[in-house]
Amino acid sequence: MDRDRILLTPGPLTTTLRTKLAMLKDWGSWDGDFIAITARVRRRLLDILHGHGSHVVVPLQGSGTFSVEAAVATVVPRDGHVLVPDNGAYCKRAARLAQMMGRRVTVLPTGEDRPVAADAVAAALRADPSITHVVLIHCETGTGVENPLAAVAAVCAEQGRGLIVDAMSSFAALPIDARQVRFDALVAASGKCLEGVPGMGFVFLREAIVAGCAGNSQSLAMDLHEQNVYMNKTGQWRFTPPTHVLAALDEAIEQFVEQGGQPARLARYADNYRTLAAGMQALGFRPFLDPQVQAPIIVTFHAPAHPAYDFKRFYEGAKARGFILYPGKLTQVETFRVGCIGAIGRNEMSQAVAAVADTLREMGIPGGAPAP
């Protein structure tokens, strides 16, 4: 094969050659040139969120989940009480990590095929005044459903509760404007819709709450308050930074800006989604979600009902044709997921559909129709 396989996953993603080439240089973590990259990335991230003057952004080593955990531990006091509206696997992960850090947690169950209801969040907050914070997954990538960030943020603001947003697979693609949406923390990562490589997350913190976060975290390395204080004082990371990852993100953001920023990225991903959905429908596949609640990030499809279907064989067939798919995250029905994000466009999505069609033929399956 004369090209890398296309990653149709929620991250890591397919990246451009320019982004890959940015990782070929070694950096000294205390060197002035690297400190300048850190400052530029922080500034440009605030540009994307429209957060200058109201928020700070704190980068952190590790996967995106590291930063979600760091945000909860830093923002929620040790005697705080977290409400997690739950409509998927990443909501459950957020509830688990908050509980493991000793915070009191209440889970608000929602069906996996529908968005969180803002009025249900409001009712839960009214019913229990001890709840201090809500943790919302903006795009639940276990299924691909988009949750109503603005509506939930309005509820939290009205009732005087904090809001922590996991925007891991939505930031830089779906519109988020800190001037219009009130939150205490919003978490994203390098290897998602900015189309960098994995290895670091970043957390936007509302400036008004930063001082009050001192001493909340029980972690040395994942204390965002301390990381922010140190970075503002020295320009440096407290502990060894992911130098190559940051350099790649710096280059990825440059391309993001050149290409037209968030509106252009959303337009490309939405076109990818439409191409994928139409092609898969023509093969008989049925998406798990109603299109009205589907974010153009990752699409969950029902598995074919044919007795010859086996996800491992299906995966290997698509891989042999140049495409990496993702297994499903649901427990009640068999599914698989196809991502629409990364440095790809309509051509790659059409080729992916053709690869799926070829794989079905190879497996002796006439189409993707699921069980009735």
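How many helices and strands does the protein have? The protein has 12 helices and 14 strands; helices (H or I, at least four residues) and strands (E, at least two) are DSSP runs, numbered from the N terminus.

The model is predicted, and local features need pLDDT of at least 70, side-chain atom pairs count only at pLDDT 80 or more, and totals for chains, interfaces and linings use all residues. Residues are numbered from 1 along each chain as its sequence is written, and side-chain values use heavy atoms, with hydrogens and water left out.

**Figure 1. Overall form of the protein.** The C-alpha trace spans about 60 × 55 × 30 Å along its principal axes. Of the 372 residues, 58% count as buried; buried means under 20% relative accessible area, exposed over 50%, and partly exposed in between (1.4 Å probe, protein chains only).

**Figure 2. The nonpolar cores.** A nonpolar core is a set of buried Ala, Val, Leu, Ile, Met, Phe, Trp, Tyr and Cys residues joined through side-chain atoms within 4.5 Å. The largest core has 56 residues, of which Leu163, Phe171, Leu194, Phe202 and Phe204 touch the most other members. Among the elements that each supply at least two residues of this core are helix 5 (118-127), strand 5 (133-137), helix 6 (149-158) and strand 10 (200-206). Helix 2 gives the largest share of this core, 7 residues. A second, separate core of 33 residues includes Leu60, Ala73, Tyr90 and Ile209.

Figure 3. The structure holds 10 aromatic pairs. Rings of Phe, Tyr and Trp (its six-membered ring) pair if their centres lie within 6.5 Å; planes under 30 degrees apart count as stacked, over 60 as edge-to-face and the rest as tilted. Phe285 and Phe336 form an edge-to-face pair, with 5.6 Å centre to centre and 85° between the planes. This pair links distant parts of the chain, 51 residues apart: Phe285 is in the loop between helix 10 (261-282) and strand 11 (298-302), and Phe336 is in strand 14 (residues 335-339). Both Phe285 and Phe336 are buried.

**Figure 4. A charge over a ring.** Lys25 lies over the face of Trp27, at 4.4 Å from the ring centre. A charge sits over a ring if NZ of Lys or CZ of Arg is within 6 Å of the ring centre and within 35 degrees of the ring normal.

Figure 5. Most residues other than glycine have a negative phi, and most peptide bonds are trans. The peptide bond from Gly11 to Pro12 is cis, with omega near 0°, and Pro12 is in the loop between strand 1 (6-7) and helix 1 (17-21). His50, in the loop between helix 2 (32-49) and strand 2 (55-61), has a positive phi near 60°. Ala172, in the loop between strand 8 (162-166) and strand 9 (185-189), has a positive phi near 80°. Are these two residues buried or exposed? His50 is partly exposed, with a relative accessible area of 34%, whereas Ala172 is buried, at 2%.
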